[in-house]
Amino acid sequence: MTASHILLLIGGYFLLLLLISYFTGKNDSNLDFFKAGKQSPWYLVAFGMIGASLSGVTFISVPGWVQSSQFSYMQVVFGYLFGYFIIAYILLPIYYKLNVTSIYEYLEQRFGTVSYKTGAFFFFISRVLGASFRLFLVAIVLQQFVFDAWNVPFEVTVALSILLIWIYTFKGGIKTIVWTDTLQTLFMLIAVGLSIYFINQKLEWSFTEFLASSELKQYSKILFTDDFFVKNHFLKSFIGGIFITICMTGLDQDMMQKNLTCKNLKDAQKNMVSFSLVLIIVNFVFLLLGALLFIYAERFQIATPLMDGTPKSDLLFPEIALNSDLGMTVAITFMLGLIAAAYSSADSALTSLTTSFCVDFLEIEKKEEAKRKKLRKSTHIAMSVLLIIVIIIFKHVLDRNVIDGLLTVATYTYGPLLGLFAFGILTKYKIHDKYTWIVALVSVAIIYTIAKIPADYLGGYIVGYELLPINGLLTFFGMFLIRKK
């Protein structure tokens with residue numbers, strides 16, 4: 001598949017998204033941009049959230065992670081399931097009762113303005129980094145397989161990617177996102193299914209023969225319970241998965257904004273529960289695809305692609321889909337799946353960043369009616385520019401598997417949110433609000449220090465995703481120290 005073919009495919013795909021944007025953005029009101037008029041069908045939100053949760057990181061990085069970690073990621077996914085039930089039956093009732101636009105408004109009502117701004121700030125940092133991780137991944141694929149052939153700089157590739165997202169979200173906002181996410185999820189799942197089918201066909205296997213093969217057994221170990229000191233021990237991964245879900249979904253304006261577009265609490269809970277069950281199956285299929293990619297690469301002696309002279313396992317899937325002899329069907333569906341996976345999370349991230357900044361920091365609802373729409377649109381542009389800058393920085397500093405990097409960042413940025421919300425929900429204490437930001441920063445500093453302790457100093461213990469709940473616990477304890485007697 002040539003670079004020209006890929007570019008034409010991307011162009012056709014975005015024309016389809018622009019068509020959806022045209023019909024969903026006709027109203028162009030702040031209410032539709034922020035809440036979709038609270039009229040979204042729950043099943044539509046649930047299906048679209050699959051794509052938003054998986055994103056380009058899962059589409060490429062999870063399969064690329066299989067060689068080094070086998071199927072240990074499923075231990076984290078099992079934790080996700082429990083986390084989603086906590087969101088459905090503890091957090092969603094609070095948000096719907098308060099009828100919030102930004103979920104961090106809860107912190108203002110519970111503690112005060114400083115706590116509110118602190119929570120919104122940590123979400124803002126979390127989402128900028130998370131969205132940039134996801135977009136960075138699709139940008140390096142487009143760069144390697146499309147724009148390098150035309151000597152287009154990486155910076156231009158990134159700017160074009162963000163510009164396309166801005167074009168189809170600047171009017172409809174979350175109302176457009178609910179519908180585009182549904183389309184993008186469909187493309188992504190079709191791409192994975194067809195890739196598995198055609199690779200098995202090339203290996204002369206049926207799907208059941210692949211599942212029973214000795215080659216798969218080399219990659220398919222799920223439970224790691226032998227050594228508690230390693231990073232991927234079951235208990236550490238499972239507990240980490242619970243808290244990652246609570247934080248990266250339940251305490252995340254991006255993901256919750258879609259749930260808050262449902263007509264009522266009951267619909268939002270149905271969305272969350274059904275979505276969580278489907279997500280387990282989908283993640284397992286991605287890991288199967290990862291094992292199949294490495295089996296195929298070994299059989300046909302395909303080397304892991306290099307990026308800046310270093311093997312990059314995240315690029316194995318695009319290398320096989322676009323440059324091996326699997327055929328045009330796999331190449332086309334891969335590109336559609338990749339674009340869908342990347343932009344299904346990136347477009348909603350841009351919308352949620354705009355929402356959070358307008359509501360939480362600019363206090364748009366207190367402004368004159370005539371100025372609100374103009375303020376929202378200028379903020380939307382500013383958030384786009386910010387994402388471009390951060391993604392370009394990532395190219396020069398990122399040296400790890402992208403999903404591992406994403407989950408590591410979450411342990412720092414979402415921990416204070418976890419502690420703030422937990423203290424608000426589980427206790428009845430009032431606090432000295434002006435000290436909240438100090439508690440949050442001290443907690444992050446302590447966690448960063450713990451993460452940097454060499455394993456030798458801890459008897460060989462490797463710190464993993466358990467840093468997230470520890471971070472939340474430290475923030476919780478700090479809140480207890482600044483409580484009003």
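Biologist: Why is phenylalanine 136 called buried?

Modeller: This is a predicted model, and in it phenylalanine 136 has a relative accessible area of 1%. Buried means under 20%, so phenylalanine 136 counts as buried.

Biologist: What makes its pair with phenylalanine 154 edge-to-face?

Modeller: Look at the planes: they stand at 70 degrees, with the ring centres 6.3 Å apart.

Biologist: What makes the pair of tyrosine 412 and tyrosine 448 tilted?

Modeller: Here the planes are 50 degrees apart and the centres 6.0 Å. Stacked needs under 30 degrees and edge-to-face over 60, so this pair falls under tilted.

Biologist: Where do those two tyrosines lie?

Modeller: Tyrosine 412 is in helix α17 and tyrosine 448 in helix α19, 36 residues apart.

Biologist: Why is tyrosine 448 called partly exposed?

Modeller: Tyrosine 448 has a relative accessible area of 45%. Buried is under 20% and exposed over 50%, so tyrosine 448 lands in between. Tyrosine 412, at 18%, counts as buried.

Biologist: How do you know that arginine 483 lies over the face of phenylalanine 480?

Modeller: Arginine 483 is at 3.8 Å from the ring centre, and the distance cut-off is within 6 Å, along with an angle within 35 degrees of the ring normal.

Definitions and conventions
Residues are numbered from 1 along each chain as its sequence is written. This is a predicted model: local features need pLDDT of at least 70, side-chain atom pairs count only at pLDDT 80 or more; totals for chains, interfaces and linings use all residues. Side-chain values use heavy atoms; hydrogens and water are left out. Rings of Phe, Tyr and Trp (its six-membered ring) pair if their centres lie within 6.5 Å; planes under 30 degrees apart count as stacked, over 60 as edge-to-face and the rest as tilted. Buried means under 20% relative accessible area, exposed over 50%, partly exposed in between (1.4 Å probe, protein chains only). Helices (H or I, at least four residues) and strands (E, at least two) are DSSP runs, numbered from the N terminus.
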